[in-house]
Amino acid sequence: GGDSSVALQTRPKTKRPPMYKVMLLNDDYTPMEFVVQILERFFGMNHSQAFEIMLTVHKKGVAVVGVFSHEIAETKVTQVMDFARRHQHPLQCTMEKE
Ligand code: TYC
């Protein structure tokens, strides 16, 4: 490299895959206990963790509920959206690159 054609030593690139934040959005209609159930069922939280995160979404409007590879994040979003729709709740779940 450079104008004398000397290869400079570079650090080895350890390429990590991009990670994705999965987020729950607040709304006025989805019951609090339903959101808690979602966090337990699909995100492996215990009841008190799930209740705490649900309250954060309720108060702040949005919260990150987990960080995953692209494929796992997509699966979580689909599972949550399908479960909410089946129960006729307007709950929204989205993902975003970190
Ligand atoms: N705001 C809802 C209520 O008062 C509860 C809720 C919390 C809804 C979190 C969605 O992602 C959510 N029933």
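Begin by selecting helix α1 (residues 32–43) and helix α3 (residues 70–86), which pack at an angle of about 145 degrees with their axes 11 Å apart. Axes are lines fitted to C-alpha atoms, for helices over the stretch in contact, and angles run from 0 to 180 degrees between N-to-C directions. Helices (H or I, at least four residues) and strands (E, at least two) are DSSP runs, numbered from the N terminus. The model is predicted: local features need pLDDT of at least 70, side-chain atom pairs count only at pLDDT 80 or more, and totals for chains, interfaces and linings use all residues. Residues are numbered from 1 along each chain as its sequence is written, and side-chain values use heavy atoms, with hydrogens and water left out.

Phe34, Gln37, Ile38, Arg41, Phe42 and Phe43 of α1 make the contact (heavy atoms within 4.5 Å) with Lys76, Gln79, Val80, Phe83 and Ala84 of α3.

The axes of α1 and α2 come within 8 Å and cross at roughly 125 degrees. The two helices are therefore oblique to each other; angles under 35 degrees count as roughly parallel, over 145 as roughly antiparallel, 65 to 115 as roughly perpendicular and the rest as oblique. On the α1 side, Met32, Glu33, Val35, Val36, Leu39 and Glu40 meet His47, Ala50, Phe51, Ile53, Met54, Leu55 and His58 of α2.

Now select the ligand. Its surroundings (a heavy atom within 4 Å) consist of Leu25, Asn26, Asp27, Thr30, Met32, Val35, Met54, Val57, His58 and Leu91. Zoom in on three of these residues:

- Leu25: a backbone N or O atom lies 2.8 Å from an oxygen atom of the ligand.
- Asn26: an N or O atom in the side chain is 2.7 Å from a nitrogen atom of the ligand.
- His58: a polar side-chain atom lies 2.9 Å from a nitrogen atom of the ligand.

Finally, select Phe68, in strand β2 (residues 62–68). Neighbours within four places in sequence aside, Phe68 is in contact with Met19, Tyr20, Val22, Phe43, Ala73 and Lys76. The C-alpha atoms of Phe68 and Gln88, 20 residues apart along the chain, are separated by 27 Å.

Key
A polar contact is a pair of N or O atoms within 3.5 Å; within protein, one must be able to donate a hydrogen and the other to accept it, and residues adjacent in sequence count only if both atoms are side-chain atoms.
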